[in-house]
Each structure stands twice: as C-alpha cells, then as structure tokens.
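The following dialogue treats the reading of a structure model, feature by feature.

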Amino acid sequence: MILIIAVDDNNGLAFNRRRQSQDRILREKILNICKGNRLWVTPYSAKQFDGMNYCPELNVSDEPLQEAVNGEYVFAENMLLHGFEKWIEKIIVFRWNRCYPSDLQFDIDVENPARWKHVQTEDFAGFSHDKITMDVYEKSPSEEGLPPCIIRYSMGLHPTT
C-alpha cells in the first residue's frame, strides 16, 4: 500500500482524535496523485472529500490499512501506523510547516535509511497554508526480500536481538 499522511513540524498527526489542519489544495493534490487508483479513507477522512466531484476511486472503511493492497493508497489521519509498516511500499508525507497541538505522532521512522529512501521533495502553496511540503519515501532496497536477522544486522543490531 501507499500511505499518505499530513503532519506538523513535530510529526503530529492529530489532537484529541481530530486532524490538526486541512487544506483544499492538498485534497486536490491527493486526488491527482491517486487518479486511477483506489484511495482508502476512514469515514472521518471521507468527510473532507464531500462535494469533490472527481473522486470515484474513494473507498471508505473503518479499517483502511487492513483493506488496501499493493498499489492502493491510504490517507491516514488519526491512527497508529507502525504495525502496518511491513505492508507499506511508499509513504507520501505532506508537511504543514507549522506546529500544532498534537497527542498522536507519526510513528514510522522514515529517516531510517535501512528501511526508507527519500526520493522526492516538492513545495507548493496551499489554500490556507502558504507552503506545504510533500516528501516521498520508498521502501529501501535493503528492506526488500531480506531476512529479518540481516535487516537488524544492517541497522547495527545483533542478529539474535
């Protein structure tokens, strides 16, 4: 699956079970990225896309991370993600370039080169945000197809830990 998230400068995802912010231009960008592919969202996230007449691939589920398969997108706003990392092939992180209150942080370390490779950065103006940054991470080649003990060793951990 391809994960899409929006975070603040502290990797915050949500506060009091609600999204930190939203932006109309960001939603349009998400739909353009996903065009022709399924985009899975929770019922809570689906409300953001109400009235947008060009999202026929939008699939609503209480458990989108369990529904999506390879090549399908999941827009995750208020859920822990680390437990699904092994099924994620790419992560698209939209950064608000601001700090907001948060009590739920993005819990995947995309800066870990043994697991993720940064492949793209793009800045664009949002509707309510002067600058939104999109960072794209792909699963590191060292992570694909290697036994767990080799991956742990490449991360500096003893193979039996």
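**Salt bridges, sheet and cores**

A: The side chains of Glu 72 and Arg 38 meet in a salt bridge, at 3.1 Å from N to O. The two residues belong to distant parts of the chain, 34 residues apart: Glu 72 is in the loop between α3 (64-67) and β6, and Arg 38 is in the loop between α1 (24-34) and β4 (39-41). This is a predicted model, in which local features need pLDDT of at least 70 and side-chain atom pairs count only at pLDDT 80 or more, while totals for chains, interfaces and linings use all residues. Residues are numbered from 1 along each chain as its sequence is written, and side-chain values use heavy atoms, with hydrogens and water left out.

Q: How many salt bridges does the structure hold?

A: Side chains of opposite charge can pair when their charged atoms come close. The criterion is a side-chain nitrogen of Lys or Arg within 4 Å of a carboxyl oxygen of Asp or Glu. The structure holds 4 salt bridges. One of them joins Arg 19 to Glu 77, with the closest N and O atoms 2.7 Å apart. Arg 19 lies in strand β3 (residues 18-19) and Glu 77 in the loop between β6 (73-75) and β7, so this pair ties together parts that are 58 residues apart in sequence. Helices (H or I, at least four residues) and strands (E, at least two) are DSSP runs, numbered from the N terminus.

Q: Is Glu 77 buried or exposed?

A: Buried means under 20% relative accessible area, exposed over 50%, and partly exposed in between (1.4 Å probe, protein chains only). Glu 77 is buried, with a relative accessible area of 5%. Arg 19, at 19%, also counts as buried. In the pair described at the outset, Glu 72 is buried at 10%, whereas Arg 38 is partly exposed at 41%.

Q: In which order do the strands of the open sheet stand?

A: Two strands pair if DSSP finds at least two bridges between them. Here 7 strands form an open sheet of mixed pairing, in the order β5-β4-β6-β1-β7-β10-β9. β5 (58-60) and β9 (116-124) stand at the edges with a single partner strand each, so one side of each has no neighbour in the sheet.

Q: Which bridges connect β7 with β1 and β10?

A: β1 and β7 pair in the parallel sense over 6 bridges, and Val 7 has Arg 95 of β7 as its bridge partner. β7 and β10 (residues 132-139) pair in the antiparallel sense, also over 6 bridges; Phe 94 is partnered by Met 134 of β10. A salt bridge of 2.7 Å, N to O, joins the side chains of Asp 135 and Arg 95. Asp 135 lies in β10 and Arg 95 in β7, so the pair ties together parts that are 40 residues apart in sequence. Both Asp 135 and Arg 95 are buried.

Q: Which residues have the most contacts inside the largest nonpolar core?

A: In soluble globular proteins, nonpolar side chains tend to be buried together. A nonpolar core is a set of buried Ala, Val, Leu, Ile, Met, Phe, Trp, Tyr and Cys residues joined through side-chain atoms within 4.5 Å. The largest such core has 23 residues, and those with the most contacts inside it are Leu 3, Ile 5, Leu 81, Ile 91, Phe 106 and Ile 108. β1 (2-7), β2 (12-15) and β7 (90-95) each supply at least two residues of this core. Apart from it lies another core, of 22 residues, among them Leu 31, Ala 46, Tyr 73 and Ile 132.
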